[in-house]
Amino acid sequence: MDFTIRAATLEDCKDISRMIMELAEYEKLSDRVKVTQRDLEQDGFSKNPFFHGIIAEVPEKHKSKEGHTKVGYSLYFYTYSSWKGRAVYMEDLYVMPEFRGKGIGKALMSKVAQLGLAAGCNQLDFTVLDWNKPSLDFYLSQGCLDITANIGYHCMRCEGDALERLAQGDT
Ligand SMILES: CC(C)(COP(=O)(O)OP(=O)(O)OC[C@H]1O[C@@H](n2cnc3c(N)ncnc32)[C@H](O)[C@@H]1OP(=O)(O)O)[C@@H](O)C(=O)NCCC(=O)NCCS
């Protein structure tokens with residue numbers, strides 16, 4: 001099947017928002033999605049974007065049952081390691097169910113890798129849910145490593161009231 005991979009634009013935010021929800025439903029975490037189409041428009045397409053995106057698109061003749069031609073996406077952003085330097089973080093990778101197994105996921109991930117290398121990055125980082133064996137196998141098939149057991153770190157977070165108190169020096 002023909003498809004193209006291209007940089008996301010402001011006009012794609014409606015479809016990205018739809019696919020973020022589809023991915024969250026697949027991950028059984030849809031109640032956690034707080035980001036709206038408007039947030040995506042502001043955060044990805046203003047002067048200092050917080051993320052970048054790419055879209056997989058099929059020709060009209062191959063549109064989905066519901067009429068969608070934008071059938072996959074990836075969001076990514078640049079990070080920095082004080083040991084290894086520039087890195088790219090892939091936040092999401094998603095292909096709609098009826099378009100899987102046609103090379104679209106591989107092409108999206110390959111594009112993120114290309115963009116990262118072109119920006120001087122040394123590594124591509126991402127996470128996958130522990131039960132998501134099909135995607136874990138997909139990533140392993142792409143030459144990626146599961147570093148969980150050897151990384152020796154806890155992933156930490158501060159949010160909500162704790163973040164407010166931390167910012168106010170009130171902990
Ligand atoms: C993971 C996902 C992006 C893969 O996209 P896709 O378009 O179905 O994958 P592709 O067709 O590009 O597959 C590319 C290669 O990976 C292999 N592959 C795909 N799924 C695989 C699996 N479950 N196990 C092993 N290999 C797999 C394919 O055989 C293919 O190999 P080849 O190039 O040697 O033929 C897609 O299945 C998806 O959106 N899944 C649900 C959402 C999700 O879990 N996203 C990741 C969140 S971390």
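Mentor: Helices (H or I, at least four residues) and strands (E, at least two) are DSSP runs, numbered from the N terminus. The model is predicted, with local features requiring pLDDT of at least 70 and side-chain atom pairs pLDDT 80 or more, while totals for chains, interfaces and linings use all residues. Residue numbers start from 1 along each chain as its sequence is written.

Over residues 21-161 the chain is 31% helix and 23% strand, with 26 Å between the end C-alpha atoms. UniProt, in an unreviewed entry, assigns "domain: N-acetyltransferase" to residues 21-161 (annotations may be inferred rather than shown by experiment).

Helix H1 (residues 13-26) packs against helix H2 (residues 37-44) at about 120 degrees, the axes being 9 Å apart (lines fitted to C-alpha atoms over the stretch in contact, with angles from 0 to 180 degrees between N-to-C directions). Cys13, Lys14, Ile16 and Ser17 of H1 meet Gln37, Leu40 and Glu41 of H2 (C-beta atoms, placed from the backbone, within 7 Å). Three of these contact residues are nonpolar, two polar and two charged (Gly counts as polar, Cys as nonpolar).

The shell has 19 residues, of which Arg100, Gly105, Lys106, Ser135 and Asp137 come nearest (C-beta atom, placed from the backbone, within 6 Å). H1, strand E4 (85-95), helix H3 (104-118) and helix H4 (133-141) each give two or more residues to this shell. H4 gives the most, five residues. Nine shell residues are nonpolar, six polar and four charged.

Notes:
Two residues are in contact if their C-beta atoms, placed from the backbone, lie within 7 Å.
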